[in-house]
Amino acid sequence: MTTRDVVFPPQRHALYERNRYSPAIRSNGFLFVSGQVGSRDDGSPEPGLKQQVRLAFENLNAILAEAGGSFDDVIDVTVFMVDPQSKFETIWQVVPEYWGQAPYPTITAVGVTWLYGFDFEIKVIARLPESAGSP
């Protein structure tokens, strides 16, 4: 069996350990990032929707940076939203702060009924720069 090349951000280990999953796996020049939510270091939700979305992006960016990349390397995005009909516009007020310039990554948005106490989650696949190879 091949050993997974796991990428951990500097903090937030409590959430991953409690739920038994890896924050990201590096494979063949790609980084597959688990869904990131607006959780604090202890895994608890950040209160307030805009703050939660910002923290989800900050958590995502910490993983991308740890792997040697940035949001500019993201090629595919999936977002999950609880009650998107009432929350989409508020969420999309924050997204441009992190999205960068065109051309943008692909995106799929999914409405869900439950996200472990969170309202927003973002999952990405990134193509890492050549210099960001496996350790």
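Reader: What order do the elements of the protein chain run in, from the N terminus on?

Author: From the N terminus on, the order is β-α-β-β-α-β-α-α-β-β, which comes to four helices and six strands. Helices (H or I, at least four residues) and strands (E, at least two) are DSSP runs, numbered from the N terminus. Please keep in mind that this is a predicted model, in which local features need pLDDT of at least 70 and side-chain atom pairs count only at pLDDT 80 or more, while totals for chains, interfaces and linings use all residues. Residues are numbered from 1 along each chain as its sequence is written, and side-chain values use heavy atoms, with hydrogens and water left out.

Reader: OK, and how much of the protein chain counts as buried?

Author: Of its 135 residues, 40% count as buried, where buried means under 20% relative accessible area, exposed means over 50%, and partly exposed is in between (1.4 Å probe, protein chains only).

Reader: Changing topic, how many aromatic pairs are there?

Author: The count comes to eight aromatic pairs, using the rule that rings of Phe, Tyr and Trp (its six-membered ring) pair if their centres lie within 6.5 Å, with planes under 30 degrees apart called stacked, over 60 edge-to-face and the rest tilted. One of them is F71 with W99, a tilted pair at 5.3 Å centre to centre and 45° between the planes.

Reader: Where do F71 and W99 lie?

Author: F71 lies in the loop between α2 (49-66) and β4 (74-82), whereas W99 lies in helix α4 (residues 96-99), so the pair ties together parts that are 28 residues apart in sequence. F71 is buried at 8% relative accessibility, and W99 is buried at 12%.

Reader: And what kind of pair do F88 and W92 form?

Author: F88 and W92 are stacked, at 4.9 Å centre to centre with 15° between the planes. Both lie in helix α3 (residues 84-94), four residues apart, about one turn of the helix. F88 is partly exposed, with a relative accessible area of 30%, and W92 is also partly exposed, at 27%.

Reader: Which residues do the ring pairs link into a cluster?

Author: The cluster consists of F57, F71, F88, W92, Y98, W99 and F120.

Reader: One more, is F118 buried or exposed?

Author: F118 is buried, with a relative accessible area of 4%, and F118 lies in the loop between β5 (106-112) and β6 (120-127). Leaving aside residues up to four places away in sequence, F118 touches several others, including V37, P45 and V82, where a contact means heavy atoms within 4.5 Å.
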